[in-house]
Amino acid sequence: MTKAQTSDTINFISKLSFKRLLNLNKLILSFYYSKYSGKVVHGGKPVSISIEPTTTCNLRCPECPSGLRAFSRPTGDLDKNFFKKTIDEIHKELIYLIFYFQGEPYINPDFLDMVRYANKKNLYTITSTNGHFLTDENSRKTVESGLDRLIISLDGTTQEVYESYRKGGNIKKVLEGARNIVKWKKQLNSHKPYLLFQFLVVKPNEHQIEEVKKIAKEIGIDKVLFKSAQIYDYKNGNDLIPTIDKYSRYKKELDGTYSIKNKLAKSCWKMWHSNVVTWDGRVVPCCFDKDAKFLLGDLKEDSFHTIWDSRKYYGFRKAISKGREKIDMCKNCTEGTKVWL
């Protein structure tokens, strides 16, 4: 474990109050009981949620509803006061707060103020950005906000390859933004945020995997995360499907068509410990429900805990346990039943 990883782990552990650990234990026990007994039992409150700062994005990436401007749900920015009200209700059990779903978080002008507020509640905060808004000023404010983890998407090491997926993107801006964050961490003597480059492995960039590791080391990035791409139209092949098998979610069949590699487990840990809140307060099961089609409740009408413990939520957990293959959004999912945060 590197020095940065050790520091990040210690920082995460510092968030674990007795009440949060007790709640996590309830979730784990009820999850495994449900998994092995076949009876859906749920105990505890969420320890991890994703909140959507905005649906707006400056880029036009394929395979992304925000990039394609293809939402069927309303679009907009998360209201700071609504965010605070939601966090006030759930922060005592919550551990991990993810500041993204769709869109580019830094486009919301109140984004870093919301990070600051979550930091005051001793929550472990994380966001993912395309890196185009990490100006010198924003980078300083990011470090000062107390953000715990920052994921910067870098899906290529040259402009030509990078923009083949990140349509409208400028790799020089991204790398400059990463350097700005590293600079301000040093100047403010801060071990936060833990910095990651996220490299979405697709066919056009798979030859640059080693190169991105070198760039990360040169800049001072703590870790490179390699991620497999979710492809919507994969059956007859797709130019984005990588040839390196371990980075592909799909396999080629004898008839030339493609299918999803992973076998769907009957249960899903995410249904027990986390969910997603859209910018306008819709509560949905997970990040695969990009258009909020599996709506479980609305925070404009009910409290978070009322929704979390509702019959509707119980019914969805039960449906997942009976067969994920019957639920559309689950078919392209790489999540298993491993308990993690």
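# Chatting through helix faces, core and rings

Student: Starting with H12, which residues are exposed on its other side?

Tutor: Arg311, Lys312 and Lys322 are exposed on the other side of H12. Exposed means over 50% relative accessible area, buried means under 20%, and partly exposed is in between (1.4 Å probe, protein chains only). Helices are DSSP runs of H or I with at least four residues, strands are DSSP runs of E with at least two, and both are numbered from the N terminus.

Student: Before we go on, what kind of model is this?

Tutor: It's a predicted model, where local features need pLDDT of at least 70 and side-chain atom pairs count only at pLDDT 80 or more, while totals for chains, interfaces and linings use all residues. Residues are numbered from 1 along each chain as its sequence is written, and side-chain values use heavy atoms, with hydrogens and water left out.

Student: Okay, back to H12. Which of its residues are buried?

Tutor: Tyr313, Phe316, Arg317 and Ile320 are the buried ones in H12. They sit on the same side of H12, because they cover an arc of only 100° around the axis. The arc is taken over the directions from the helix axis to the C-beta atoms.

Student: And what covers them?

Tutor: The cover over the buried residues of H12 includes H10, strand S9 (274-277), strand S10 (282-284) and helix H11 (304-308). Contact here means heavy atoms within 4.5 Å.

Student: How does H2 do on length?

Tutor: Helix H2 (residues 18-37) has 20 residues, which should span 28 Å at 1.5 Å a residue, and its end C-alpha atoms are 28 Å apart, so the two agree. The expected span is 1.5 Å times one less than the number of residues.

Student: Which residues of H2 are buried?

Tutor: Arg20, Asn23, Leu24, Leu27, Ser30, Phe31 and Ser34. Seen down the axis of H2, they fall within an arc of 135°, so they line one face of the helix.

Student: Why would residues three or four places apart point the same way?

Tutor: Because an α-helix has 3.6 residues a turn.

Student: What's exposed on the face of H2 turned away from its buried side?

Tutor: That face carries Phe18, Leu29 and Tyr36. Helix H10 (270-273) is among what covers the buried residues of H2, and just after H2, Gly38 takes a positive phi of about 85°.

Student: Changing topic: which residues have the most contacts inside the largest nonpolar core?

Tutor: Phe83, Leu97 and Phe197, in a core of 89 residues. The largest share of this core, seven residues, comes from strand S5 (residues 194-201). A nonpolar core is a set of buried Ala, Val, Leu, Ile, Met, Phe, Trp, Tyr and Cys residues joined through side-chain atoms within 4.5 Å.

Student: What is Phe83 in contact with?

Tutor: Leaving aside its neighbours within four places in sequence, Phe83 is in contact with Ile51, Leu78, Leu97, Phe99, Met114, Tyr117 and Ala118.

Student: How many aromatic pairs are there?

Tutor: The count is 16 aromatic pairs. The rule takes rings of Phe, Tyr and Trp (its six-membered ring) with centres within 6.5 Å; planes under 30 degrees apart are stacked, over 60 edge-to-face, and the rest tilted. Phe99 and Phe111 form an edge-to-face pair, at 5.6 Å centre to centre with 80° between the planes. Phe99 is buried, and so is Phe111. Tyr106 and Phe111 have ring centres 5.0 Å apart and planes at 70°, so that pair is edge-to-face too.

Student: Which residues do ring pairs link into a cluster?

Tutor: Phe31, Tyr32, Tyr36, Trp269 and Trp272.

Student: Now Ser145. Buried or exposed?

Tutor: Ser145 is buried, with a relative accessible area of 1%, and is found in helix H6 (residues 136-145). A polar atom of the Ser145 side chain lies 3.3 Å from the backbone nitrogen of Leu147. A polar contact is a pair of N or O atoms within 3.5 Å; within protein, one must be able to donate a hydrogen and the other to accept it, and residues adjacent in sequence count only if both atoms are side-chain atoms.

Student: What else is buried in H6?

Tutor: Ser139, Thr142 and Val143 are buried there along with Ser145. They cover an arc of only 160° around the axis, which puts them on the same side of H6. The cover over the buried residues of H6 includes H5 and helix H8 (171-187).
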